[in-house]
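Here is a short report on one protein model. Keep the sequence and the 3D view open while reading.

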Amino acid sequence: MTRTGMHMTKKGFSFQGPVEGVHALNSWITAEDDLFLVTHMGFLEIDPNHWHLDIDGLVGNPVKLRLADLLAMPQREYMSFHECAGSPLAPTIAKRRIGNVVWKGVPLSLVLERAKISSDASYVWTSGLEWGSYAEVEEPYQKDLPIAKALAEEVLLALEINGRPLSMERGGPVRLVVPGWYGTNSVKWLGSITAADRRSRSAYTTRFYNGHTAWGVRPVWHVAPESVIVSPSPSDILSADMPTTIWGWAWGDNQISSVEVSVDGGGSWQAATVGPREDRSWQRFELSWSPRAGQHLLICQCTNEVGERQPLADARNAMHSVEINVA
């Protein structure tokens, strides 16, 4: 699948991110250079002058939008954490590829309104323009959204990140952004949107990115509650009885209501203070600590406003722990 003005750099599934991982995430807004990059098939470079977006399917007015058309439409900014779901081939391994950024773009709902989406549509399929092979599957990258989520005001056709135009690596010139849902749903290099009365049959919706729960197979959509300890880090050497602050970030599709921290490997827990969130940003938590000499295993666990908690292990949102040496 090719268009004039496109070039694909094929790399297969790859990841780039800060060497220090979560311990480097010490800013409220994550600088783009510190935000992870993940691709299944490679990076796609598109000439903005040749880019267009097709909206079709169950719509009364199929349309083709150019970049200039989107730039002329009303736009909004939205702050949100942005998290990779991890490899679909190892869905229970916590990768903690996370950042907090400000997106700007056109609400998807406005584009669907312009196309006069039918009341018979129950899903919206979103397709990227990249091509190639992943896990012995060769097909374009396609995801889907239930219609209620697609029409949510925060779902954007993003043109900017942190006040700058989207780069090629970030999925520019236009990508989908679905705040509160794992990054796999925020399709990069967006090329087409199709309104449908059923889920997409793409391998990326049927074979990959599904979770097995007590209620059956569920799509990897909304982000479960998660938290990480940013400071102290394993490289820090603390002094006994010198007060320090354990702090980190907590996030999820639903707002985080509480965070507990253990300084003894889960033997006991203390409630941390939890800050507010803006839009769907992450939330900062803190706990004052006067450590004793020796080795300590710090663990954090959060709970969201609907009562969901981080599991101990064997999940992409498993609890985070840090080993600390106190001199």
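## A buried arginine and its network

Arg280 has a relative accessible area of 15%, so it counts as buried. The model is a predicted one. Salt bridges with shared partners join Arg280 to Lys149, Glu154 and Asp253 in one network.

Glu154 sits in the loop between α3 (147-150) and β13 (156-161). Arg280 sits in the loop between β24 and β25 (283-289). The two residues are 126 residues apart, so this pair links distant parts of the chain. Glu154 is buried too, because its relative accessibility is 9%, under the 20% cut-off.

## Other salt bridges

How many salt bridges does the structure hold? There are 10. One of them joins the side chains of Arg170 and Glu32, at 3.3 Å from N to O. Arg170 lies in the loop between β14 (164-165) and β15 (175-177), and Glu32 in the loop between β2 (14-16) and β3 (37-39). The pair therefore ties together parts 138 residues apart in sequence. Arg170 is buried at 6% relative accessibility. Glu32 is buried at 15%.

Arg96 and Glu226 form another salt bridge, with their closest N and O atoms 3.5 Å apart. Arg96 is in the loop between β7 (76-83) and β8 (98-107). Glu226 is in strand β19. The partners are 130 residues apart and link distant parts of the chain. Both Arg96 and Glu226 are buried.

## The open sheet

Strand β19 also belongs to a sheet. Four strands make up this open sheet, in the order β19-β21-β25-β24, with antiparallel pairing. Its edge strands are β19 (226-231) and β24 (273-274), and each of these pairs on one side only.

β19 pairs with β21 (residues 244-251) in the antiparallel sense, over five bridges. Ser231 stands opposite Trp247 of β21.

## Aromatic pairs and charges over rings

Trp247 also takes part in ring contacts. Ring pairs link Trp247 with Trp28, Trp249 and Trp282 in a cluster. The charged end of Arg284 sits over the Trp247 ring, 3.9 Å from its centre. Elsewhere, Arg316 lies over the face of Tyr182, 5.5 Å from the ring centre.

The structure holds nine aromatic pairs. In one of them, the ring centres of Phe43 and Trp189 are 6.4 Å apart and the planes stand at 85°, so the pair is edge-to-face. Phe43 is in strand β4 (residues 42-46), and Trp189 is in the loop between β15 and β16 (190-196). The pair therefore ties together parts 146 residues apart in sequence. Both Phe43 and Trp189 are buried. Tyr204 and Phe208 have ring centres 5.5 Å apart and planes at 50°, so this pair is tilted. Tyr204 is buried, with a relative accessible area of 0%. Phe208 is buried, at 2%.

## Nonpolar cores

Which residues touch the most other members of the largest nonpolar core? They are Ile55, Leu70, Leu108, Leu157, Leu176 and Ile193, in a core of 60 residues. Leu157 has contacts beyond four places in sequence that include Leu53, Leu70, Val106, Leu108, Val174, Leu176, Leu190 and Ile193. Gly105 and Arg175 are also among the residues Leu157 touches.

Notes: Residues are numbered from 1 along each chain as its sequence is written. This is a predicted model: local features need pLDDT of at least 70, side-chain atom pairs count only at pLDDT 80 or more; totals for chains, interfaces and linings use all residues. Side-chain values use heavy atoms; hydrogens and water are left out. Two strands pair if DSSP finds at least two bridges between them. A nonpolar core is a set of buried Ala, Val, Leu, Ile, Met, Phe, Trp, Tyr and Cys residues joined through side-chain atoms within 4.5 Å. Buried means under 20% relative accessible area, exposed over 50%, partly exposed in between (1.4 Å probe, protein chains only). Contact means heavy atoms within 4.5 Å. A salt bridge is a side-chain nitrogen of Lys or Arg within 4 Å of a carboxyl oxygen of Asp or Glu. Rings of Phe, Tyr and Trp (its six-membered ring) pair if their centres lie within 6.5 Å; planes under 30 degrees apart count as stacked, over 60 as edge-to-face and the rest as tilted. A charge sits over a ring if NZ of Lys or CZ of Arg is within 6 Å of the ring centre and within 35 degrees of the ring normal.
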